[in-house]
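Welcome! Here is a short briefing to read alongside the sequence and the 3D view.

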Amino acid sequence: MFGATGSVGQSAVDLIARDLDSYDVVALTGGRNIAKLASDAIALRANLAVTCYPDCYDELKDALSGTGIAVAAGDTAIAEAATHHVDWALSAIIGSAGLVPGMTALEHGTTLALANKESLVTAGPLLMARAKAAGATILPVDSEHSAVFQALVGEDMAAVERVIITASGGAFRDWPKDQLATATLAQASSHPNWDMGQRITIDSASMFNKAMELIETKEFFGVPSSMIEVLVHRESLIHAMVGFNDGALMAHVGPPDMRHAIGYALHWPDRKHLPVERLDLAKIGSLTFEAPDEDRYPALALARFVMETGGLAGAVFNAAKERALDGFIAGDIGFLQMSAVVAGTLDKMSSGDGLQLRDMTLDSVLEADRLARIYAGEIMKKLG
Ligand code: NDP
Ligand code: MG
């Protein structure tokens, strides 16, 4: 389980801990939360615990001494953990650091439950090709994509006319547009419906999260930008809908609890009992839908540009977004400047060699990621 100490990882730990005798847990990975990594490795009887930070090695070693659980540290050790022959792995690292472990697991034929959206955004074609070549399955865990996946069971993709992913609207959905520039870190870090990690919560407020999900939809399901829509749905109960050529819309309705999508991927192709709320729709009464205001959320137009450009545009978009988000968290730039940084970086990297002309390989993706972070940093300095 990659990223076991995070928000998605902890939901997966919860599901596995409830039925421990059915699983043989090989490895858990985390970052700085060593106490959690160690206690979960013990609770889930894992063989191996890995932190991505070499300077955390001693602390992890001490925490697990006498348990018989092997310990390792560093990015290479995380990638090595993906080489174990296992049936199922969860990719729940945050950021583009999730790409290499996910690719490695696929290469080894492991079924990959994919929460790490950055993998599909930065290197979707590469990831899908890797899975195909190895005969490995990717199961989407992002709730919208799990919903689309479930709505497509038994269906023919040729009959699909459109895919609609819903958005809660995030923390600022009721703010006047002219106040968004003043949004603080604390205000952007609180989500009206979902309890998630801080970075994805801020991305929900800016709609960068939905922008990433548009790109994920294109890459995973192989549908063009023109067939994918975003719909603001405040209640976050319908996660996605698929529209077919006979006019039918299949909607996936469920509580906003990641354990549903994780559990679906864990038990797929079966369905098994999950400890999530059962919705009482009569009590809920009504569901609401609004078209997104594209002016308010420039991230959506940037995602359309990325989907239409293809190639390395996704890697540049993601890296610039991660850098801009670091800048917002550090107080270097304002809330609205995040999209300006991403737009500026895409613009800068579209000239010269361009984004489309280069072959997509892991190296070219990592190089585009590296350069985009440098350019985004330069743009931030000018803005700040
Ligand atoms: P969190 O920030 O809560 O957790 C991230 C996990 O990755 C932690 O285990 C963290 O370790 C670890 N980690 C951080 N940096 C690195 C690194 N450089 N190398 C290896 N491991 C690292 O994130 P979330 O759980 O919110 O999100 C995980 C992924 O799932 C993201 O891609 C996100 O977009 C996606 N996602 C999340 C949803 C949610 O509900 N949260 C919903 C849908 C998708 P530590 O904390 O110990 O430092
Ligand atoms: Mg989502």
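Buried area is the accessible area (1.4 Å probe) that two parts lose on being put together, summed over both. By that definition, domain 1 and domain 2 bury about 1,200 Å² between them, 74% of it on carbon and sulfur atoms. This is a predicted model, in which local features need pLDDT of at least 70 and side-chain atom pairs count only at pLDDT 80 or more, while totals for chains, interfaces and linings use all residues. Residues are numbered from 1 along each chain as its sequence is written, chains are lettered from A and ligands numbered from 1 in the order in which they are written, and side-chain values use heavy atoms, with hydrogens and water left out.

**The domains**
- The protein chain is assigned domain 1 (7-140), domain 2 (146-255 + 279-284) and domain 3 (310-383); such bounds come from an automatic or database domain assignment.
- Between the C-alpha centres of domain 1 and domain 2 there are 26 Å.

**Where domain 1 meets domain 2**
- The contact (heavy atoms within 4.5 Å) takes 12 residues from domain 1 and 14 residues from domain 2.
- K117, V121 and P140 supply 47% of the area that domain 1 buries against domain 2, more than any other three residues.
- One salt bridge is found across this interface, the term being a side-chain nitrogen of Lys or Arg within 4 Å of a carboxyl oxygen of Asp or Glu.
- A salt bridge joins the side chains of K117 and E213, at 2.9 Å from N to O.
- On the side of domain 1 that touches domain 2, α6 (117-134) and β6 (138-140) are the elements that give two or more residues; helices (H or I, at least four residues) and strands (E, at least two) are DSSP runs, numbered from the N terminus.
- The largest share of that side, seven residues, comes from α6.

**A closer look at A70**
- A70 is found in strand β3 (residues 70-73).
- With 38% relative accessibility, A70 counts as partly exposed, the class between buried (under 20% relative accessible area) and exposed (over 50%), using a 1.4 Å probe and protein chains only.
- Leaving aside residues up to four places away in sequence, A70 touches N47, L48 and A49.
- L44 is 26 residues from A70 along the chain, and their C-alpha atoms are separated by 14 Å.

**Helix α1**
- In helix α1 (residues 7-17), the buried residues are G9, S11, A12, V13, L15 and I16.
- Their cover includes α2 (34-43), β4 (88-91) and α11 (258-267).
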